[in-house]
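Please read the following points with the model open beside you.

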Protein chains: 4
Amino acid sequence: MAQKAIVIGASGYTGAELARILTHHPEFELAGLYVSTNSADANKSISTLYPQLKTICDLPLQPLPEDLTEIAQNADLAFFGTAHEVSANLAPVFLQNNCKVFDLSGAYRVNSESFYQEFYGFEHKHPELLKQAVYGLAEWNADKIKTTDLVAVAGCYPTVSQLSLKPLIEEGLLDVNQLPVINAVSGVSGAGRKASLTSSFCEVSLNAYGVFNHRHQPEIATHLGTDVIFTPHLGNFKRGILATITAKLKAGVSDEQIKRAYAKYYANKPLVRVYEQGLPSIKAVEFSPYCDIGFATKNNHIIIVGAEDNLLKGAAAQAVQCANIRYGYNEVLGLI
Amino acid sequence: MAQKAIVIGASGYTGAELARILTHHPEFELAGLYVSTNSADANKSISTLYPQLKTICDLPLQPLPEDLTEIAQNADLAFFGTAHEVSANLAPVFLQNNCKVFDLSGAYRVNSESFYQEFYGFEHKHPELLKQAVYGLAEWNADKIKTTDLVAVAGCYPTVSQLSLKPLIEEGLLDVNQLPVINAVSGVSGAGRKASLTSSFCEVSLNAYGVFNHRHQPEIATHLGTDVIFTPHLGNFKRGILATITAKLKAGVSDEQIKRAYAKYYANKPLVRVYEQGLPSIKAVEFSPYCDIGFATKNNHIIIVGAEDNLLKGAAAQAVQCANIRYGYNEVLGLI
Amino acid sequence: MAQKAIVIGASGYTGAELARILTHHPEFELAGLYVSTNSADANKSISTLYPQLKTICDLPLQPLPEDLTEIAQNADLAFFGTAHEVSANLAPVFLQNNCKVFDLSGAYRVNSESFYQEFYGFEHKHPELLKQAVYGLAEWNADKIKTTDLVAVAGCYPTVSQLSLKPLIEEGLLDVNQLPVINAVSGVSGAGRKASLTSSFCEVSLNAYGVFNHRHQPEIATHLGTDVIFTPHLGNFKRGILATITAKLKAGVSDEQIKRAYAKYYANKPLVRVYEQGLPSIKAVEFSPYCDIGFATKNNHIIIVGAEDNLLKGAAAQAVQCANIRYGYNEVLGLI
Amino acid sequence: MAQKAIVIGASGYTGAELARILTHHPEFELAGLYVSTNSADANKSISTLYPQLKTICDLPLQPLPEDLTEIAQNADLAFFGTAHEVSANLAPVFLQNNCKVFDLSGAYRVNSESFYQEFYGFEHKHPELLKQAVYGLAEWNADKIKTTDLVAVAGCYPTVSQLSLKPLIEEGLLDVNQLPVINAVSGVSGAGRKASLTSSFCEVSLNAYGVFNHRHQPEIATHLGTDVIFTPHLGNFKRGILATITAKLKAGVSDEQIKRAYAKYYANKPLVRVYEQGLPSIKAVEFSPYCDIGFATKNNHIIIVGAEDNLLKGAAAQAVQCANIRYGYNEVLGLI
């Protein structure tokens, strides 16, 4: 008996990826796509927005009714591709109606009320849920994900950044007195599907943005347990993030120790591919659910390069991976 | 004594090119940049919108006052990068104040009142000016341009299409019973500088649009004097148009005759480069004021490939070329 | 019991797509990847060439031995991604050893000895096989494909061109006295995986090539049964072909007749998606096995736009589709 | 009387830019373009390789004769776009014949014999010239450039890296115990004009390369006088370098001090544009001779973003800037 899955906020790039994945998933049944009540896309088929989905998924983008009870009761699990504040307010209704929530917004990622006011600019109305929310960095929190009904799927930049750094930090290999420097370049889909001058074809080239003030910095620092310098960039491509991370190793740390650290945490994690040699590139991961990691060292410094598809391992695929874990399925089910 | 030139509608891509060209022009002095009164860009320096212009041209984008008399009186010539209907209404004020007008919109390109209602969706309020307007296809109408104060600079697609076809039509080499087929691909800058989903980086790939109903079709057909099938496409690049034109030759027409036809009209036209061999590409013309033309024939059919930078020969550079002609300067002054 | 499938010429872009598809195919087992004996890639894992395949398919690229008997005997079916002349000579060995052949080169596409000399520049050594080869345009030749052991998978441009035109020609809706004009733009992967200046990143923009002399023109004309004007272009993207086709309709042909013609041939063909409205774009088909078709008409002319991923419906996916048909499986098995 | 300038190694991307600049330069006369004797491009017009140069510069690419004396005697200045070892050996001949040399290779950039063996893999045959060579970082070495006949134009990455960092280092604002981290992304033209799989359109996405072993690292470190971590990347664009530099400030350093440092060295340097606010992007500098610099600070850390066109400020334009300085012309002559 397939579990009924719905997507709220289905008109965006992440929503479309969720629709595609869930359509093919052997254990989840895509039972409905929803958009906000006043969306210009309401009642359109998702395949009019995304022609690549024609005949694959032609479900309508249903406008959310005011009373969500029926929708929540009829679904086993819901993916939220909604704005942060919207997600914050949707979650309790679904949880109360026994619908598991996989939220792709930032609304439940950090267990701190003040965080949302400070970095997202809104007052969180459901701080009581922050404690029960589990941070959906799938390779690291599987045990907790298995027992929660509220997964806050990790952000795109935070996923690749943490997957790259966390084994070294956990194993105590980094000298974090010198802050790790994360330089990441994201494809334009990271900005979402909307008309904006910044995302306009002729305006995009390659530039840094959000320098010293991007909200993924505190998300990364909180969950890593150490401060970092994080500089995101917008690149002239559609999908993918490449993160180049420079850090200082503790004296005497060998490449062998680094390899063992990655192997310890990822040897049995099929969606993290640690390179024996060479470094990942965007083309290695675009359109795929993997996070690829490679590294090089010299004179007590390490350069780690991590890559992922921001819409997949950085969003939709990781959300489904978390749902697979929650239901006790193989974590890659429907993903590879 | 330099002629004082101003640009109205200076915030768009064409406006920025005009600002750059006029800044370096040895005979025109860039005396002012203007935007519509309620533009969000009003009073900003143009170089905040176009960082490439920093230190080259940092003039402010002045909001147009209600009364344009003073502006018109203080300028010798004005370039309009405004919307069609706006241009239609601006022209008389400037002409009355002895300011020459080089309009880059479609407002004065065709001498027919009904044309604007049918293809541009507005009623032309100044039909009396249509007769005095000269169509700014510089290589073909230089004599008329020399004596008018109102030049309606040719559209981007029409420029490359007509420059490619006109010599063969004028010399009677084409069998126009079979309509010439113009397939053209434009870079995204052709859609202008504005936030729109269609121009959004992730939405652009390669697609036909405006099939059988683009308003450049009647512009081309009118000025060529023969009907054509024109299919524009949007491509994933910023600048340039490549037009691939298929036509039937009259029986017995030789390559030599075709070469002579092009030579007859363009031998002394420095901004049209007819290829001895090979065919032009976008890279041959981007960022340059040229229109490049090449052709091949077989079995009484001809494929002509024309290429130009849509913002330059298809807009700003041709406008300045027309102004050069109007003032009796070398037509390439300030352009190469 | 899965059928053992091998890929000869597996290092190219099409080979990599075949490796990916066959790895996931529920009825075919990928039993081996081969490259030419002296290939620089021999004995490497395919995932060193294509990092996106890491952990998905890490099979080695085995150098072909001189005696192919054992390889042929151990395989049920073989896909050839080899050069035309190589394919021509490989086919008999495999057929003699009861291995079905799906050739992606041009070596068996046209039943005419002189064709290869004229358009491919080599003398075909196995003309006796040309008669038994079936042209692998899957939607049109399924009955013949079911009973042959030698499928000559249709070329990339010919697939989208014929799928777009054939229903109208079969139903007698076109006035073919006026040659259909096919303007097509292909991504650079169509040129294959090799170092060449033409495919070099900085050299690619948008240009026509092979004008009046591309070998896909006779392939299209032969199988359509009518001459066409075919102008291929190279575009600045990696994958996909967009074909814009202009043709004259017979007098009085209605849009309804055209829709019925497409429906007649494609209503039950899941990999051809005919648009009710709108026109396809590259993004609708990239990374997918579909060919999308849309059209518009005016004044007895029709513009048809067809789109496909050149490496999938134009190569690897269509090859597997043919193999599915040959084995009596659902034609989309392993493809969507 | 114009100075006669020639370009040796004129077929590459830098050579083409030099040809374009020198053609328009009011004081230098482009007197000849040369390629190596056995180049496949020998005797072709440069505009057959670079169609954008048609009618602008159609000079032939002359094969270098064995005896260079005549060529050297007839030129006042020569630009070398040749391979490192070739440049190393060409320089003495030209210098002996009173021809000033502006070498764009790495052959004379560092005054250390062992440097070439270690990082460039060849034994320098003319170490005696290393002492007289002046490093062509134009904004910093103008005084020395004025009096030398051998300018070793700075490399592309080193130019933007040093222009960004040097004022802060000179003013003692950085805590260089923590190595500055330079992450830079270059367009593909940086790899030169040649057929290579790495530069092939379909192979390029975004990736780090040369990690911890790129030869621009020692060039930067030598001339900065402090070690740095330098990680170059290849991006999917043709031209431009964006360098994102993270460094630790000495305690208490204010933004005001940083601004003063930049102003001190660049206030009168027209080709370096320091941003009052905001950060540069590739589009701000492509096709232009500028190096743009912006910065942000937080908690004693600074992020500096520098951008340039790698073929212009990073090569051809800086070479001509050095030549302008050498001859006492305005340093931007012929460049803006």
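1. D:T297 has D:I302 in β14(D) as its bridge partner; strands here are DSSP runs (E, at least two residues) and helices are DSSP runs (H or I, at least four), numbered from the N terminus. Strand β13 (residues 291-298) and strand β14 (residues 301-308) of chain D pair in the antiparallel sense over eight bridges, where pairing requires that DSSP finds at least two bridges between two strands.

2. This is a predicted model, in which local features need pLDDT of at least 70 and side-chain atom pairs count only at pLDDT 80 or more, while totals for chains, interfaces and linings use all residues. Residues are numbered from 1 along each chain as its sequence is written, chains are lettered from A and ligands numbered from 1 in the order in which they are written, and side-chain values use heavy atoms, with hydrogens and water left out.

3. In chain D, the open sheet has seven strands in the order β9-β10-β8-β11-β14-β13-β12, with mixed pairing. Its edges are β9 (207-208) and β12 (272-274), each with a single partner strand, so one side of each is left without a neighbour in the sheet.

4. Helix α8 (residues 156-170) of chain D packs on this sheet, touching among others β8 and β14, where contact means heavy atoms within 4.5 Å.

How values were computed: Axes are lines fitted to C-alpha atoms, for helices over the stretch in contact, and angles run from 0 to 180 degrees between N-to-C directions.
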